[in-house]
Amino acid sequence: MLEQLRFIEYNKGKTYGSRVEFIDNNTKIKIKIHKLHPTNNLKPYQIEIILEELKKWEELNKEPYKKYEGSFNVRIEPELHRRATLFAESFNISLNQFVAKAICDEIEACESKRGK
């Protein structure tokens, strides 16, 4: 079941005896459950553990199955595009660097207003 959700068995570090850890390499979500024995069938309590872990990520407003590439298209007015490009050039940085910093600054400002 976990493999169908893009999790792989993660064998680094201590696994605490009868426990096995699975990880989604895209989101780094880790789920620890008891090893499946003697059959490969998940028991109801193991399914509960998996659902609880996925629910935690949902509550944190994270999307565990979406992979972020680090690039996206933004549609803005041509004049704003020109101004942003000239502004970035005046600081000897790329437009990408300027936009990334602007996004970061805005997120930080919004979070501080919310008290995060």
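Mentor: Helix H3 (residues 95-114) supplies the largest share of the nonpolar patch, three residues; helices here are DSSP runs of H or I, at least four residues, numbered from the N terminus. This is a predicted model, in which local features need pLDDT of at least 70, side-chain atom pairs count only at pLDDT 80 or more, and totals for chains, interfaces and linings use all residues. Residues are numbered from 1 along each chain as its sequence is written, and side-chain values use heavy atoms, with hydrogens and water left out.

The patch is formed by Phe-72, Val-74, Ile-76, Leu-80, Val-99, Ile-103 and Ile-107, with about 610 Å² of accessible area together (Shrake-Rupley method, 1.4 Å probe; for residues, only the protein chains shown count as cover). Patch residues have over 30% relative accessible area and no salt bridge; nonpolar side chains (Val, Leu, Ile, Met, Phe, Trp, Tyr) are joined within 5 Å, like charges within 9 Å. Ile-76 sits in the loop between helix H1 (44-59) and helix H2 (78-90). Its relative accessible area is 41%, so Ile-76 is partly exposed (buried is under 20%, exposed over 50%, partly exposed in between; 1.4 Å probe, protein chains only).

A salt bridge needs a side-chain nitrogen of Lys or Arg within 4 Å of a carboxyl oxygen of Asp or Glu, and the count comes to two. In helix H2, Glu-79 and Arg-82 are three residues apart, about one turn of the helix, and their side chains meet at 2.6 Å, N to O. Glu-79 is partly exposed at 40%, and Arg-82 is partly exposed at 43%. In helix H3, Lys-101 and Asp-105 lie four residues apart, about one turn of the helix, with their closest N and O atoms 2.9 Å apart.

Conventions:
Helices (H or I, at least four residues) and strands (E, at least two) are DSSP runs, numbered from the N terminus.
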